[in-house]
Amino acid sequence: MAHRSRLSTFVLDCHVEDLAPHVEFWSQALGKPVAAADEDGDGRYARLSTDSDEPVLLLQKVDHGSRIHLDIETDDVEAEAGRLERLGAKRVRKVHTWWVMEAPSGHRFCVVRQQREPFGPHVNRWE
């Protein structure tokens, strides 16, 4: 069955105790106001404000080294993960409703449910 996907989010993984000063740094560095200083109320996620045709900018408090990864949003997580496996990616682990994957280059990324409605002009359609 056909499905759709697109680049959704750039996630700044931050190996820090307190995310707040890093949210402020990235907000000022990128010229993007803070949309949510504590997205889920647990101090792990913060979101910067972006226009609807831009990727989401999310900061995430993590236990591994600081790095950046991207999320691909889709209307069919399993179909998209399978498509990416056929291209050479590997599934690393399932987290809630999304897959952490690894590209052949070793880069980690996530395949997540659709984050914003509508998909907009940058959507890919896969058969």
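This passage describes the fold, surface and selected residues of one protein chain. The structure is a predicted model, in which local features require a pLDDT of at least 70 and side-chain atom pairs count only at pLDDT 80 or more, while totals for chains, interfaces and linings use all residues. Residues are numbered from 1 along each chain as its sequence is written, and side-chain values use heavy atoms, with hydrogens and water left out.

The chain contains two helices and nine strands, where helices (H or I, at least four residues) and strands (E, at least two) are DSSP runs numbered from the N terminus. In sequence order, these elements form the pattern β-α-β-β-β-β-α-β-β-β-β. The radius of gyration of the chain is 15 Å, close to the 14 Å that the globule rule gives for 127 residues, so the chain is as compact as a globular protein of that length. The radius is taken over C-alpha atoms, and the rule is 2.2 Å times the number of residues to the power 0.38. The C-alpha trace spans about 45 × 30 × 25 Å along its principal axes. Contact is defined as heavy atoms within 4.5 Å. Of the contacts between residues at least 6 apart in sequence, 60% join residues at least 24 apart.

The chain exposes about 7,600 Å², of which carbon and sulfur atoms supply 51%; accessible areas come from the Shrake-Rupley method with a 1.4 Å probe, and for residues only the protein chains shown count as cover. The chain carries 17 positive and 22 negative charges, whose mean positions are 5 Å apart. Lys and Arg count as positive and Asp and Glu as negative, without His and the chain ends; each charge is placed at NZ of Lys, CZ of Arg, CG of Asp or CD of Glu.

Lys90 belongs to strand 6, which covers residues 90-95. Beyond its neighbours within four places in sequence, Lys90 is in contact with Val100, Met101 and Glu102. Between Lys90 and Asp53 there are 37 residues of sequence separation and a C-alpha to C-alpha distance of 29 Å.

A disulfide is defined as a pair of cysteine sulfur atoms within 2.5 Å, and the count by this rule is zero. The closest cysteine sulfur to that of Cys14 lies in Cys110, 15 Å away, which is too far for a bond. Cys14 counts as buried because its relative accessibility is 7%. Cys110 is likewise buried, with a relative accessible area of 9%.

Methods. Buried means under 20% relative accessible area, exposed over 50%, partly exposed in between (1.4 Å probe, protein chains only).
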